[in-house]
Amino acid sequence: MDQATVTVLQDQLVRAIQAEDVQQADILNAFRRVPRHAFVPVFFDRVSPNAREWRMASSDQAEWLHKVYTNQPLTISIDPEGYPDSSSSHPGLMARMLQSVHLRPGSRVLEIGTGTGYNAALVASLVGAANVVTIDINAALLDAARTRIERIVGSGVRVLHADGRNLLANLGLFDALIVTGAHERLEPSWINALAPGGRIVFNWAQGLIKVMLEAEKVGDSLVGRVCEYGGEFMFLHAGDGVKRPLLPCIPLELVETTAFQSQLFDDPDFRFFLQIHLPTLGYSLWRKATGAKVYVVEERETHRMLQFFPEKIRGNRSLWKEIQMLYTQFDDLAHPKHTAFTFSCLSEGQMTFALNKAILQQSSL
């Protein structure tokens, strides 16, 4: 392989990462030192945008290499139902996550979600291989990841087969925990694994939303904020794949003839606002034969359900009234951005969100 070509492509990737507000020289240099192509010899492209059919990426080396060094995620494994279940993450997102946890030489780091091993190698190049532990539930990926990591950054990284949702206490304490997977909560074992002042970054996925959160260990709890950057990872699971239950799209009582889809589903700020006030909301998306979208929302504790059609709403009136009231509050606060929220998390995993006071004061001017 022509090293000059690789160097040019790596520089292009680093410039794309810089454009996503990553300015730390050590992180940018890590992306120059660690060759991504060594970690993704095989990846898959969708046959069409919405299909669950995949084909292996082009065998033409020039085309393959160009794709490897684009600033985008690469799917490396497909589950039996045709859904991606492992990937090489979006490099720009990886770089911003590395910034969020404030890495420095000698920091002890735990990564949940080894995948190809690329991110673990980047971390090892920043803090030293002996300071990195990476775990994955997919045992089939680990031998190859271990071999690649050792070839690129040397020995020392611990690559373990484990369930990242429930960490073993014998792993010790870490200065940083990087979760390269989506999950519905901050697990108590994650909080316990952080040393005092340790930091965590992960993709919080709950019902209507997926946002990146970063936090620091203070006492027995976490204090953090919604990240300025966004991201979406594949869900963590127990090793048997991600379960995708669909809410039923059955005839329900007509509640109102109004169009509310855009306010709820096209506005990430209101989706976030709604989710933190009604934390047990879940939803599914159905597509009618006409192509029209029908969003089904359920409040899981009471099983109240609403269906949002393009021009009408069906379902439970009390749930619709609560959503209307919350939208009025959201409107009164001048539509606060989800990135304006901070949060705290108790050692048991209970999360509490608050709107940044400075933002709230600014909204009231």
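Me: What does helix α4 (residues 91-100) lie across, and at what angle does it run to β8?

Reply: In this predicted model, where residues are numbered from 1 along each chain as its sequence is written, local features need pLDDT of at least 70, side-chain atom pairs count only at pLDDT 80 or more, and totals for chains, interfaces and linings use all residues. Side-chain values use heavy atoms, with hydrogens and water left out. Helix α4 lies across β8, β9 (194-206) and β10 (209-218), and runs at about 145° to β8. Contact here means heavy atoms within 4.5 Å, and the angle, on a scale from 0 to 180 degrees, lies between N-to-C directions of axes fitted to C-alpha atoms, for helices over the stretch in contact. Helix α9 (residues 268-277) also packs on the sheet, touching β9, β10, β11 (221-226), β17 and β18, and its direction makes about 60° with that of β10.

Me: What makes the sheet of nine strands an open one, and which strands stand at its edges?

Reply: Two strands pair if DSSP finds at least two bridges between them, and helices (H or I, at least four residues) and strands (E, at least two) are DSSP runs, numbered from the N terminus. The order is β7-β6-β5-β8-β9-β10-β11-β17-β18, with mixed pairing. β7 (158-161) and β18 (351-355) stand at the edges with a single partner strand each, so one side of each has no neighbour in the sheet. The twist averages 20° from one strand to the next.

Me: How do you know which strands stand at the edges of the open sheet of five strands?

Reply: Its order is β12-β16-β15-β14-β13, and the pairing is antiparallel. The twist here averages 25° from one strand to the next. Two bridges join β12 to β16 (residues 313-315), and L254 stands opposite R314 in β16. Helix α10 (residues 317-332) lies across β12, β14 (293-299), β15 (304-308) and β16, at about 70° to β15.

Me: What is the volume of the second largest pocket, and which residues lie nearest its centre?

Reply: A pocket is an open set of points on a 1 Å grid over the protein atoms alone where a 1.4 Å probe fits, with protein on both sides within 12 Å along at least five of seven lines, and lining residues have an atom within 4 Å of a point. The volume, being the space filled by probe spheres set on points joined across faces, edges and corners, is about 600 Å³. The lining has 39 residues, of which D85, S86, D136, F235 and H237 lie nearest the centre. β4 gives the largest share, four residues.

Me: Why does the radius of gyration of the chain agree with that of a compact globule?

Reply: The radius of gyration is taken over C-alpha atoms, and the globule rule is 2.2 Å times the number of residues to the power 0.38. For 365 residues this rule gives a value near 21 Å, and the chain has 22 Å, so the two agree. The C-alpha atoms fill a box of roughly 60 × 50 × 40 Å along the principal axes.

Me: What makes the phi of D21 stand out?

Reply: D21 has a positive phi of about 70° although it is not a glycine, and its place is in the loop between α1 (3-18) and α2 (25-33).
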